[in-house]
Amino acid sequence: MTALDPAALLARDALARLDRWEPVDERQAALAAEYRAFVRGDDDSGPRADAVRRDGGPQHLTASCFVLSPDLDRVLLCFHRKGQFWVQVGGHTEPGDTTLAGAAYREAREESGLDDLVPFDPDPGPSVDLGDGSGDGHQDVVLAAPVDVHRHDLAAAFGTCRTHWDVGFVAFADPDTRTAVSDESEDVAWFPVDALPAGTPDDFPVRLATVLAEVRHRRRAGLLAR
């Protein structure tokens, strides 16, 4: 049996993570259902590789990482060069990415200069076979569920991309650790979660509040399960 290409495996990973996630917010749950339909496509041939590829069409998944202080009091933001706004780190998947969470953490490291990120994964769940069914080259991974989905249209400055179906994950870092600005940003800095800078997208404070509520809920659930 022919092995699946990397993008098809990444699409399977994305769908498995979305399937596993049970958002605490009802609006997020409804949007996550639309995401699952988008990745599955219109037929039964399996998750669509084009759904995760930058060159797969004007609409595709992206991977974000909300880098937070462990006490959830501060968030790391970058001033996006194209968008000219303060936002969480993240971006397109790359050919070498094997998981959607991995893409988010890679983007976070590249755009922040932080190497010691601690992924948020309080409830890893079971391993899932994301291979092609042939028994060769399959990938058993432990799934970290997303914390957020956010679909948004893009300005002309973003080129052929018209809509990003963004999937957010969380990682923790020490706010005292030195950061570095990437080519895609003009600045990167920590801010109090209740005192965000001017120049964030209008809906960003609500998005961040939803992410924080999701993290707190899953932290509590993890403690209760022990």
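**Figure 1. The largest nonpolar core of the predicted model has 58 residues.** Within this core, Leu-61, Val-67 and Val-170 touch the most other members. Helix H1, residues 6-20, supplies the largest share of the core, with 7 residues. In soluble globular proteins, nonpolar side chains tend to be buried together.

**Figure 2. Strand E9, residues 163-172, lies inside the structure, with 10 of its 10 residues buried.** Because 10 of the 10 residues are buried, E9 is largely enclosed by the rest of the structure. Thr-163, Trp-165, Val-167, Phe-169 and Ala-171 point one way from the strand. His-164, Asp-166, Gly-168, Val-170 and Phe-172 point the other way, and the residues of both sets are all buried.

**Figure 3. Strand E9 pairs with strands E1, E5 and E8.** Strand E1, residues 59-68, runs parallel to E9 and is joined to it over 10 bridges. Leu-61, one of the residues that touch the most other members of the core, has Trp-165 as its bridge partner in E9. Strand E8, residues 148-153, pairs with E9 in the antiparallel sense over 6 bridges. Trp-165 is also the bridge partner of Arg-151. Strand E5, residues 118-119, is antiparallel to E9 as well, over 2 bridges, and Pro-119 is bridged to Ala-171.

**Figure 4. Gln-88 sits in the loop between strands E3 (86-87) and E4 (89-91).** Gln-88 counts as buried because its relative accessibility is 6%, under the 20% limit. The side chain of Gln-88 makes a polar contact of 2.9 Å with that of Ser-64. A polar contact of 3.5 Å joins the side chains of Gln-88 and Asp-166, the latter a residue of E9. Not counting residues up to four places away in sequence, Gln-88 touches Ser-64, Cys-65, Phe-66, Leu-76, Leu-77, Cys-78, Asp-166, Phe-204 and Arg-207.

**Figure 5. Helix H3 covers residues 100-112.** The 13 residues of H3 reach 18 Å from the first C-alpha to the last, close to the 18 Å expected at 1.5 Å a residue. Of these 13 residues, 10 are buried, so H3 is largely enclosed by the rest of the structure. The buried residues are Leu-100, Ala-101, Ala-103, Ala-104, Tyr-105, Arg-106, Glu-107, Ala-108, Glu-111 and Ser-112. At the N-terminal end, Thr-99 caps the helix, with a side-chain oxygen 2.8 Å from the backbone nitrogen of Gly-102. Gly-113 follows H3 and has a positive phi, near 80 degrees.

**Figure 6. In residues 126-142, pLDDT stays under 50.** The model has 36 contacts beyond four places in sequence for this stretch. Where pLDDT is low, the predicted coordinates should not be read in detail. For the protein, the mean pLDDT is 86, and 84% of the residues reach 70 or more.

**Figure 7. The protein has 4 helices and 10 strands.** From the N terminus on, the elements run α-α-β-β-β-β-α-β-β-β-β-β-β-α. Of the 226 residues, 48% are buried. Among contacts with a separation of 6 or more, 69% are between residues 24 or more positions apart.

Terms used. Residues are numbered from 1 along each chain as its sequence is written. Side-chain values use heavy atoms; hydrogens and water are left out. A nonpolar core is a set of buried Ala, Val, Leu, Ile, Met, Phe, Trp, Tyr and Cys residues joined through side-chain atoms within 4.5 Å. Buried means under 20% relative accessible area, exposed over 50%, partly exposed in between (1.4 Å probe, protein chains only). The expected span of a helix is 1.5 Å times one less than its number of residues. A polar contact is a pair of N or O atoms within 3.5 Å; within protein, one must be able to donate a hydrogen and the other to accept it, and residues adjacent in sequence count only if both atoms are side-chain atoms. pLDDT is the predictor's confidence in each residue, from 0 to 100. Contact means heavy atoms within 4.5 Å. Two strands pair if DSSP finds at least two bridges between them.
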